[in-house]
Amino acid sequence: MNRALFFRCGAMFLVIVLLLIPLARINGLVRERQAARDMVVQDIARSAAGPQVLTGPLLVVPYTRTVHETQLDSARVPVTVAREESGELRLLPALVELDGKLATDERRRGIYRARVFDATARLTGRFDVPARFGIAAADVASYRFGQPRLVIGISDIRGIGNALSLSANGQRIAFVPGTGLRMLGAGVQAPLALDSSQSQQPLQFQVDLSLLGSSHFQFTPVGRETHVMLSSDWPHPSFVGQFLPREREINGAGFTADWRTSFFATNLEEALIRCPAQAEPTVADCADFSSRHFGVSFVDPVDQYLKSDRAVKYG
(Lines give C-alpha, C1' and ligand atoms only; values in the text may rest on other atoms or scores of the structure.)
Protein backbone atom coordinates (compact mmCIF):
# COMPACT_ATOMS: atom_id res chain seq x y z
CA MET A 1 0.00 0.00 0.00
CA ASN A 2 2.72 2.46 1.01
CA ARG A 3 4.83 1.48 -2.02
CA ALA A 4 1.90 2.07 -4.41
CA LEU A 5 1.25 5.49 -2.89
CA PHE A 6 4.93 6.33 -3.20
CA PHE A 7 4.96 5.43 -6.90
CA ARG A 8 1.81 7.46 -7.51
CA CYS A 9 3.32 10.54 -5.85
CA GLY A 10 6.55 10.03 -7.77
CA ALA A 11 4.65 9.74 -11.06
CA MET A 12 2.70 12.92 -10.31
CA PHE A 13 5.91 14.78 -9.48
CA LEU A 14 7.51 13.56 -12.73
CA VAL A 15 4.50 14.73 -14.77
CA ILE A 16 4.61 18.14 -13.10
CA VAL A 17 8.33 18.50 -13.88
CA LEU A 18 7.75 17.45 -17.50
CA LEU A 19 4.96 20.05 -17.82
CA LEU A 20 7.13 22.79 -16.31
CA ILE A 21 9.80 22.35 -18.99
CA PRO A 22 7.64 23.55 -21.95
CA LEU A 23 6.08 26.24 -19.75
CA ALA A 24 9.55 27.55 -18.91
CA ARG A 25 10.51 27.57 -22.60
CA ILE A 26 7.28 29.38 -23.54
CA ASN A 27 7.84 31.89 -20.74
CA GLY A 28 11.36 32.54 -22.03
CA LEU A 29 10.03 33.09 -25.56
CA VAL A 30 7.35 35.50 -24.27
CA ARG A 31 9.92 37.51 -22.34
CA GLU A 32 12.21 37.59 -25.37
CA ARG A 33 9.43 38.90 -27.60
CA GLN A 34 8.39 41.40 -24.92
CA ALA A 35 11.96 42.70 -24.65
CA ALA A 36 12.13 42.99 -28.45
CA ARG A 37 8.85 44.93 -28.44
CA ASP A 38 10.19 47.31 -25.77
CA MET A 39 13.34 47.87 -27.83
CA VAL A 40 11.23 48.71 -30.89
CA VAL A 41 9.17 51.20 -28.84
CA GLN A 42 12.38 52.85 -27.60
CA ASP A 43 13.79 52.90 -31.14
CA ILE A 44 10.65 54.56 -32.49
CA ALA A 45 10.84 57.10 -29.64
CA ARG A 46 14.48 57.80 -30.55
CA SER A 47 13.60 58.36 -34.21
CA ALA A 48 10.43 60.40 -33.53
CA ALA A 49 10.11 61.77 -29.98
CA GLY A 50 9.87 60.30 -26.51
CA PRO A 51 7.45 60.93 -23.65
CA GLN A 52 6.73 64.63 -23.26
CA VAL A 53 6.70 66.65 -20.04
CA LEU A 54 5.88 70.36 -20.39
CA THR A 55 7.10 72.63 -17.57
CA GLY A 56 6.47 76.33 -17.45
CA PRO A 57 6.53 79.03 -18.30
CA LEU A 58 8.92 80.59 -15.81
CA LEU A 59 10.10 84.21 -15.85
CA VAL A 60 13.87 84.34 -15.34
CA VAL A 61 15.68 87.59 -14.51
CA PRO A 62 19.51 87.48 -14.35
CA TYR A 63 21.18 89.90 -11.97
CA THR A 64 24.54 91.05 -10.67
CA ARG A 65 24.63 92.17 -7.05
CA THR A 66 27.30 94.28 -5.40
CA VAL A 67 28.04 93.12 -1.87
CA HIS A 68 30.12 95.18 0.59
CA GLU A 69 32.05 93.29 3.22
CA THR A 70 34.36 94.35 6.02
CA GLN A 71 37.74 92.61 6.02
CA LEU A 72 41.10 93.07 7.73
CA ASP A 73 44.00 94.26 5.59
CA SER A 74 47.63 93.23 6.06
CA ALA A 75 47.98 95.72 8.93
CA ARG A 76 44.92 94.23 10.65
CA VAL A 77 42.94 97.39 9.93
CA PRO A 78 39.23 96.93 8.99
CA VAL A 79 38.51 97.94 5.38
CA THR A 80 35.34 97.72 3.28
CA VAL A 81 35.68 95.54 0.19
CA ALA A 82 33.14 95.34 -2.64
CA ARG A 83 32.55 92.13 -4.57
CA GLU A 84 30.01 91.07 -7.15
CA GLU A 85 27.87 87.96 -7.22
CA SER A 86 25.63 86.81 -10.05
CA GLY A 87 22.38 84.89 -9.98
CA GLU A 88 18.91 84.60 -11.43
CA LEU A 89 15.47 85.40 -10.07
CA ARG A 90 12.82 82.85 -11.06
CA LEU A 91 9.19 83.93 -10.95
CA LEU A 92 6.11 81.75 -11.36
CA PRO A 93 2.95 82.85 -13.22
CA ALA A 94 -0.23 83.84 -11.46
CA LEU A 95 -2.41 81.99 -13.98
CA VAL A 96 -1.70 79.19 -16.48
CA GLU A 97 -4.20 77.62 -18.86
CA LEU A 98 -3.41 74.79 -21.28
CA ASP A 99 -5.89 73.64 -23.88
CA GLY A 100 -4.61 70.65 -25.84
CA LYS A 101 -5.85 68.15 -28.41
CA LEU A 102 -3.87 64.93 -28.82
CA ALA A 103 -4.27 62.90 -31.99
CA THR A 104 -2.86 59.38 -31.69
CA ASP A 105 -1.25 57.24 -34.38
CA GLU A 106 0.34 53.81 -34.54
CA ARG A 107 3.84 53.14 -35.85
CA ARG A 108 4.68 49.57 -36.87
CA ARG A 109 7.97 47.78 -37.27
CA GLY A 110 7.52 44.16 -38.28
CA ILE A 111 5.09 42.50 -35.88
CA TYR A 112 5.65 45.19 -33.25
CA ARG A 113 3.86 48.50 -32.85
CA ALA A 114 4.18 51.67 -30.79
CA ARG A 115 1.73 54.47 -30.12
CA VAL A 116 2.64 58.09 -30.76
CA PHE A 117 0.66 61.31 -30.38
CA ASP A 118 0.59 64.71 -32.03
CA ALA A 119 -0.41 67.42 -29.55
CA THR A 120 -1.82 70.75 -30.68
CA ALA A 121 -1.88 72.99 -27.61
CA ARG A 122 -2.38 76.61 -26.65
CA LEU A 123 -0.66 77.82 -23.49
CA THR A 124 -1.97 81.10 -22.06
CA GLY A 125 -1.76 82.93 -18.77
CA ARG A 126 -0.50 85.90 -16.81
CA PHE A 127 2.49 86.93 -14.72
CA ASP A 128 2.00 89.59 -12.05
CA VAL A 129 5.60 90.83 -12.14
CA PRO A 130 6.28 92.45 -8.74
CA ALA A 131 7.85 95.87 -8.39
CA ARG A 132 11.64 95.73 -8.77
CA PHE A 133 11.25 92.01 -9.58
CA GLY A 134 10.50 91.38 -5.90
CA ILE A 135 13.66 93.02 -4.50
CA ALA A 136 13.15 95.32 -1.49
CA ALA A 137 13.41 99.05 -2.22
CA ALA A 138 16.25 99.41 0.29
CA ASP A 139 18.35 96.78 -1.53
CA VAL A 140 17.58 97.43 -5.19
CA ALA A 141 20.39 99.99 -5.59
CA SER A 142 22.95 97.18 -5.26
CA TYR A 143 21.37 95.17 -8.13
CA ARG A 144 21.96 95.37 -11.88
CA PHE A 145 19.36 93.41 -13.81
CA GLY A 146 20.01 91.70 -17.13
CA GLN A 147 17.65 90.74 -19.95
CA PRO A 148 14.55 88.96 -18.55
CA ARG A 149 13.40 85.89 -20.46
CA LEU A 150 10.47 83.52 -20.47
CA VAL A 151 11.46 79.84 -20.45
CA ILE A 152 9.49 76.65 -21.07
CA GLY A 153 10.85 73.20 -20.34
CA ILE A 154 10.08 70.55 -23.00
CA SER A 155 11.51 67.13 -22.20
CA ASP A 156 12.14 66.14 -25.86
CA ILE A 157 12.49 69.18 -28.11
CA ARG A 158 12.76 66.95 -31.21
CA GLY A 159 8.97 66.74 -31.06
CA ILE A 160 8.45 70.48 -31.65
CA GLY A 161 6.63 70.71 -34.95
CA ASN A 162 6.24 74.46 -35.52
CA ALA A 163 8.26 77.66 -35.39
CA LEU A 164 7.49 78.64 -31.82
CA SER A 165 6.72 82.23 -30.99
CA LEU A 166 5.54 84.03 -27.88
CA SER A 167 2.82 86.65 -27.69
CA ALA A 168 3.73 88.82 -24.67
CA ASN A 169 1.35 91.73 -24.01
CA GLY A 170 0.46 91.63 -27.69
CA GLN A 171 4.08 91.66 -28.90
CA ARG A 172 5.25 88.72 -31.00
CA ILE A 173 8.67 87.31 -29.98
CA ALA A 174 10.45 84.29 -31.48
CA PHE A 175 11.65 81.52 -29.20
CA VAL A 176 15.21 80.20 -29.35
CA PRO A 177 16.37 76.73 -28.24
CA GLY A 178 17.56 76.17 -24.67
CA THR A 179 16.34 77.27 -21.26
CA GLY A 180 19.63 78.28 -19.64
CA LEU A 181 18.44 76.40 -16.53
CA ARG A 182 19.91 72.97 -15.88
CA MET A 183 17.04 72.22 -13.50
CA LEU A 184 14.59 72.38 -16.46
CA GLY A 185 16.76 70.59 -18.98
CA ALA A 186 15.75 70.96 -22.61
CA GLY A 187 13.31 73.60 -23.77
CA VAL A 188 12.96 77.05 -25.30
CA GLN A 189 13.31 80.68 -24.20
CA ALA A 190 12.27 84.13 -25.43
CA PRO A 191 13.67 87.55 -24.36
CA LEU A 192 11.27 90.04 -22.78
CA ALA A 193 11.12 93.82 -22.67
CA LEU A 194 10.68 94.32 -18.92
CA ASP A 195 12.41 96.71 -16.55
CA SER A 196 12.74 97.00 -12.79
CA SER A 197 9.65 99.17 -12.48
CA GLN A 198 8.64 100.60 -9.14
CA SER A 199 5.14 99.18 -9.61
CA GLN A 200 3.70 95.79 -10.47
CA GLN A 201 3.70 94.89 -14.19
CA PRO A 202 1.14 92.52 -15.69
CA LEU A 203 2.50 90.22 -18.41
CA GLN A 204 -0.04 88.37 -20.55
CA PHE A 205 1.40 85.49 -22.59
CA GLN A 206 0.24 83.04 -25.25
CA VAL A 207 2.13 80.19 -26.93
CA ASP A 208 0.75 77.93 -29.67
CA LEU A 209 2.56 74.60 -29.64
CA SER A 210 2.61 71.57 -31.92
CA LEU A 211 4.37 68.69 -30.19
CA LEU A 212 5.02 65.09 -31.22
CA GLY A 213 5.63 62.46 -28.55
CA SER A 214 5.07 58.88 -27.46
CA SER A 215 3.75 56.94 -24.45
CA HIS A 216 2.58 59.87 -22.32
CA PHE A 217 1.98 63.62 -22.18
CA GLN A 218 2.35 65.45 -18.85
CA PHE A 219 2.32 69.01 -17.56
CA THR A 220 3.84 70.68 -14.49
CA PRO A 221 1.29 73.06 -12.87
CA VAL A 222 3.56 76.05 -12.20
CA GLY A 223 0.81 78.68 -11.85
CA ARG A 224 -0.78 79.92 -8.67
CA GLU A 225 -3.87 78.75 -10.51
CA THR A 226 -3.53 76.13 -13.25
CA HIS A 227 -6.25 74.88 -15.56
CA VAL A 228 -5.48 72.10 -18.06
CA MET A 229 -7.98 70.74 -20.59
CA LEU A 230 -6.96 67.76 -22.73
CA SER A 231 -8.92 65.83 -25.33
CA SER A 232 -7.92 62.93 -27.56
CA ASP A 233 -9.26 60.29 -29.92
CA TRP A 234 -7.71 57.51 -27.78
CA PRO A 235 -10.46 55.68 -25.84
CA HIS A 236 -8.19 53.96 -23.28
CA PRO A 237 -6.39 56.69 -21.30
CA SER A 238 -4.54 56.15 -18.05
CA PHE A 239 -4.37 59.33 -15.98
CA VAL A 240 -1.00 59.55 -14.27
CA GLY A 241 0.97 61.89 -12.02
CA GLN A 242 0.34 63.56 -8.69
CA PHE A 243 -3.06 65.05 -9.57
CA LEU A 244 -6.07 63.35 -11.14
CA PRO A 245 -8.53 65.26 -13.36
CA ARG A 246 -11.45 66.94 -11.63
CA GLU A 247 -13.72 66.01 -14.52
CA ARG A 248 -13.31 63.41 -17.24
CA GLU A 249 -15.39 61.73 -19.90
CA ILE A 250 -14.34 58.55 -21.71
CA ASN A 251 -16.19 56.86 -24.55
CA GLY A 252 -15.51 54.98 -27.76
CA ALA A 253 -14.62 58.20 -29.59
CA GLY A 254 -11.89 59.23 -27.10
CA PHE A 255 -11.70 61.19 -23.88
CA THR A 256 -11.78 64.68 -22.41
CA ALA A 257 -10.19 65.56 -19.06
CA ASP A 258 -10.07 68.73 -16.97
CA TRP A 259 -7.47 69.43 -14.25
CA ARG A 260 -7.52 72.39 -11.84
CA THR A 261 -4.79 72.98 -9.27
CA SER A 262 -3.93 75.85 -6.98
CA PHE A 263 -0.77 77.23 -5.42
CA PHE A 264 -1.85 75.74 -2.08
CA ALA A 265 -2.07 72.19 -3.46
CA THR A 266 1.16 72.20 -5.47
CA ASN A 267 3.43 74.34 -3.23
CA LEU A 268 5.73 74.69 -6.24
CA GLU A 269 7.07 78.10 -5.24
CA GLU A 270 8.69 76.64 -2.13
CA ALA A 271 9.95 73.66 -4.16
CA LEU A 272 11.46 76.09 -6.72
CA ILE A 273 13.23 78.09 -4.01
CA ARG A 274 14.89 74.93 -2.70
CA CYS A 275 16.09 73.96 -6.19
CA PRO A 276 19.26 75.73 -7.42
CA ALA A 277 18.90 76.99 -11.01
CA GLN A 278 21.99 75.13 -12.23
CA ALA A 279 21.35 71.88 -10.36
CA GLU A 280 20.39 68.70 -12.16
CA PRO A 281 16.64 67.93 -11.97
CA THR A 282 17.41 64.55 -10.38
CA VAL A 283 19.21 65.93 -7.30
CA ALA A 284 17.29 65.78 -4.04
CA ASP A 285 16.64 69.54 -3.80
CA CYS A 286 15.09 69.62 -7.30
CA ALA A 287 13.31 66.27 -7.39
CA ASP A 288 10.33 67.74 -5.54
CA PHE A 289 9.84 70.39 -8.25
CA SER A 290 10.60 68.21 -11.28
CA SER A 291 8.29 65.36 -10.20
CA ARG A 292 5.10 67.36 -9.61
CA HIS A 293 3.36 66.84 -12.91
CA PHE A 294 0.23 65.14 -14.18
CA GLY A 295 -1.21 64.02 -17.48
CA VAL A 296 -2.23 61.02 -19.52
CA SER A 297 -0.57 57.80 -20.61
CA PHE A 298 -1.71 56.09 -23.81
CA VAL A 299 -2.24 52.53 -22.64
CA ASP A 300 -2.80 49.62 -25.01
CA PRO A 301 -5.75 47.74 -23.40
CA VAL A 302 -4.87 44.46 -25.14
CA ASP A 303 -1.22 43.69 -24.41
CA GLN A 304 -0.73 40.26 -25.96
CA TYR A 305 2.59 39.69 -24.20
CA LEU A 306 1.15 40.54 -20.79
CA LYS A 307 -1.77 38.17 -21.38
CA SER A 308 0.61 35.41 -22.52
CA ASP A 309 2.84 35.99 -19.49
CA ARG A 310 -0.12 35.66 -17.15
CA ALA A 311 -1.32 32.52 -18.92
CA VAL A 312 2.10 30.90 -18.54
CA LYS A 313 2.30 31.83 -14.83
CA TYR A 314 -1.12 30.38 -14.11
CA GLY A 315 -0.35 27.37 -16.26
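Which residues make a nonpolar surface patch of about 490 Å²? Here is a short tour that starts there.

1. **The patch.** F13, L14, V17, L18 and I21 make this nonpolar surface patch of about 490 Å². L18 sits in helix α1, residues 2–47. Patches are made of residues with over 30% relative accessible area and no salt bridge, with like charges joined within 9 Å and nonpolar side chains (Val, Leu, Ile, Met, Phe, Trp, Tyr) within 5 Å. Accessible areas come from the Shrake-Rupley method with a 1.4 Å probe, and for residues only the protein chains shown count as cover.

2. **How to read the model.** This is a predicted model, in which local features need pLDDT of at least 70 and side-chain atom pairs count only at pLDDT 80 or more, while totals for chains, interfaces and linings use all residues. Residues are numbered from 1 along each chain as its sequence is written, and side-chain values use heavy atoms, with hydrogens and water left out. Helices (H or I, at least four residues) and strands (E, at least two) are DSSP runs, numbered from the N terminus.

3. **The second largest pocket.** The volume of the second largest pocket is about 360 Å³. It is lined by 15 residues, and R90, L91, L92, P130 and E269 are the closest to its centre. Two or more lining residues come from each of β2 (78–91), β4 (112–129) and α3 (268–274). By class, the lining of this pocket has 11 nonpolar, no polar and 4 charged residues. Here Ala, Val, Leu, Ile, Met, Phe, Trp, Tyr, Cys and Pro count as nonpolar, Asp, Glu, Lys and Arg as charged, and the others, Gly among them, as polar.

4. **The cavities.** The structure holds 2 cavities of 30 Å³ or more. On a 1 Å grid over the protein atoms alone, a cavity is a set of points where a 1.4 Å probe fits but cannot get out; a pocket is an open set with protein on both sides within 12 Å along at least five of seven lines, and lining residues have an atom within 4 Å of a point. Grid points are joined across faces, edges and corners, and a volume is the space filled by probe spheres set on the points.

5. **The largest cavity.** About 50 Å³ of space lies in the largest cavity. Its lining consists of L54, L98, L123, I152, I154, L164, V188, V207 and L209. Strands β6 (149–154) and β11 (201–214) each give two or more of these residues. The lining holds 9 nonpolar, no polar and no charged residues.

6. **The second largest cavity.** This one has about 30 Å³ of space, and its lining is made by L92, V222, G223, R224, F263, T266, L268 and E269. The classes here are 4 nonpolar, 2 polar and 2 charged.

7. **Backbone points to check.** Most residues other than glycine have a negative phi, and most peptide bonds are trans. G56 and P57 are joined by a cis peptide bond, with omega about 10°, and P57 belongs to strand β1. R132 has a positive phi, near 55°, and lies in the loop between β4 and β5 (143–145). N169 also has a positive phi near 55°, in the loop between β7 (165–168) and β8 (171–174). R132 is buried at 16% relative accessible area, whereas N169 is partly exposed at 45%. Buried means under 20% relative accessible area, exposed over 50%, and partly exposed in between (1.4 Å probe, protein chains only).

8. **Salt bridges.** Side chains of opposite charge can pair when their charged atoms come close. The structure holds 14 salt bridges, each a side-chain nitrogen of Lys or Arg within 4 Å of a carboxyl oxygen of Asp or Glu. One of them joins E270 and R274, whose closest N and O atoms are 3.1 Å apart. Both residues lie in helix α3, 4 residues apart, about one turn of the helix. Another pairs R292 with D288 at 2.6 Å, N to O; R292 is buried at 13% and D288 is partly exposed at 25%. Salt bridges that share partners also link R65, E69, R83 and E85 into one network.
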